[in-house]
Every structure is written in structure tokens, then in C-alpha cells.
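These are my notebook entries on one chain and its ligand. I looked up each point in turn and wrote down what I found.

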Amino acid sequence: MALLIFFLEGILLLNTPIAIAFSAKVILTSAIRVEQPLNIVGDSEQLYRLVSNLIINAIQYTPQFGKVTVVLDRSENNAVIQVQDTGIGIPHQELTRIFDRFYRVNSDAYGGLRLRSRKTGGSGLGLAIAQAIIQSHQGSLNVQSQLGKGSTFTIQLPLDVTPISQFKLLYRRQPKFQ
Ligand SMILES: Nc1ncnc2c1ncn2[C@@H]1O[C@H](COP(=O)(O)OP(=O)(O)OP(=O)(O)O)[C@@H](O)[C@H]1O
Ligand SMILES: [Mg+2]
């Protein structure tokens, strides 16, 4: 178990999303709407994978010169991370299926929109992995989308209220996560 202090800049500064956005000519920005860092108890590598899977999708399914914005906010008990894009969107009838393993939206469903995404050759696993990670952290993952306009994926993760001074104790009791 690790105490993750969510600095969203940290996620965006990681090389992979930045390099992908650069080569796809997509603008990647962040909006931090909290004054203080947010603490979440969880596996930091998995949480990084969760957020980066969503950011990479947003970039891949957004045409050139589109925009991907990662928002960090909080509600009363949750850290709220949104990955918004101005991309191709997802057909309404596909919104629940995209979280299934190996499921990829068929290009016909996009009504003839020209899709760079079809050339990405993904395996359809990214969102299934994201969903599994979110469930193991007692969080939630939701999507809203408008075909041809863009999508917003919203992660909610329970905030940790343990004072930092007690963290070592917590860690010693439960050294292993999973
Ligand atoms: N931001 C998005 N905008 C539009 N469509 C999306 C977006 N994110 C996911 N999708 C659709 O959901 C499908 C499933 O996404 P998922 O990340 O699970 O798989 P993938 O991106 O196809 O492959 P992988 O992530 O395994 O490389 C995608 O094939 C795509 O059709
Ligand atoms: Mg993906």
C-alpha cells in the first residue's frame, strides 16, 4: 500500500502521454482546481496506469489540433480526475461496452467519420484494465460522450484523511497491497 499524493502535473510531465500528444499534434493541458495536494491510499503504479490509459485514449481518439484536458478537482470525499477530449466521441449504444475486455468500437458505428483511431491497432484492453484498477481502489469511473464532439472520463477516488504522521504505522501493518 502506498500513499499517493496526487500532483497532476506529475502525471502530465511523465514522458509517455507528452510524447504521444506531441507526435499526434494534440494539445495536452491540465486544470488544477484544488489548492492542496490530494491524498489517496492505493497502488501508485496502478493509479498512474489508470490515468495514463485514459489520457492516451483521449489523445488517440482526438484528431490533430484537438485538445485533451486533464482536470483535478475534489468533491466532499473524493478526488475527482477528469480526462476531457475534443475527439471523435463514442456512440451512445457503445458507452457501456467499451469497458469490456477486447472491445473496440467498430468504425461503422461512427457513421463514416474518418478515424485515426482505427489505425492505432489497440487491443481493447485499456479501459478494462482501468475499470479493474478503479474497482480495487473503491472508486468509480464514468464516461459522457457526444459523437463527433468529444468525451469526458471521470474518475472518483476516495480521499484519505489519515494524517501523514500516521502513514508509517499504516504501512507497517499492511506492507503488501493486493
Ligand atoms: N476518449 C475516447 N474517445 C473515443 N473513443 C474512445 C475513447 N476511449 C476509448 N474509446 C473507444 O473505446 C474502445 C476501447 O478502449 P480501450 O482503451 O479499452 O481499448 P483500445 O484503446 O482500443 O486498445 P488498448 O487500450 O488496449 O491499446 C476504443 O477502441 C475506442 O473505440
Ligand atoms: Mg486504449
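In which sense do β6 and β7 pair, and over how many bridges? I found that β6 and β7 pair in the antiparallel sense, over seven bridges. I noted that two strands count as paired if DSSP finds at least two bridges between them. Within this pair, V143 stands opposite F153 in β7.

**Entry 1: what I am looking at.** The model is predicted, so local features need pLDDT of at least 70 and side-chain atom pairs count only at pLDDT 80 or more, while totals for chains, interfaces and linings use all residues. Residues are numbered from 1 along each chain as its sequence is written, and chains are lettered from A and ligands numbered from 1 in the order in which they are written.

**Entry 2: the elements.** I listed five helices and seven strands in the chain. Helices (H or I, at least four residues) and strands (E, at least two) are DSSP runs, numbered from the N terminus. From that end, I read the order as β-α-α-β-β-α-β-β-α-β-β-α.

**Entry 3: the sheet.** I traced an open sheet of five strands in the order β2-β4-β5-β7-β6, with mixed pairing. At its edges stand β2 (27–32) and β6, each with a single partner strand, so one side of each has no neighbour in the sheet. On average, neighbouring strands are turned by 15° against each other, direction ignored. The axes behind such angles are lines fitted to C-alpha atoms, for helices over the stretch in contact; angles otherwise run from 0 to 180 degrees between N-to-C directions.

I then went through two pairs. β2 and β4 run parallel and are joined by six bridges; L28 has V68 in β4 as its bridge partner. β4 and β5 run antiparallel and are joined by seven bridges, with V70 opposite V83 in β5. A hairpin of three residues leads from β4 to β5.

**Entry 4: helix α3 and A58.** I saw that α3 lies across β2, β4 (67–74), β5 (78–85) and β7, running at about 20° to β5. A58 is in α3. Is A58 buried or exposed? A58 counts as buried, because it has 28 C-beta neighbours inside 10 Å. The cut-offs are 20 or more other C-beta atoms within 10 Å for buried, 12 or fewer for exposed, and partly exposed in between, with C-beta atoms placed from the backbone. Leaving out residues up to four places away in sequence, A58 touches V68, V83, D85 and G87; contact means that C-beta atoms, placed from the backbone, lie within 7 Å. A58 and L28 are 30 residues apart in sequence, yet 9.6 Å apart from C-alpha to C-alpha.

**Entry 5: helix α4.** In α4 (residues 126–136) I found G126, L127, A130, I133 and I134 buried. They line one face of the helix, because seen down the axis they fall within an arc of 120°, taken from the directions from the helix axis to the C-beta atoms. Their cover includes α3 (44–60), β6 (140–146) and β7 (150–158).

**Entry 6: ligand 1.** Of the 21 residues around ligand 1, the nearest are Y61, R104, V105, G122 and G126; a residue is near if its C-beta atom, placed from the backbone, lies within 6 Å. Which helix gives the most to this shell? I found that α4 does, with three residues.

Notes. Two residues are in contact if their C-beta atoms, placed from the backbone, lie within 7 Å.
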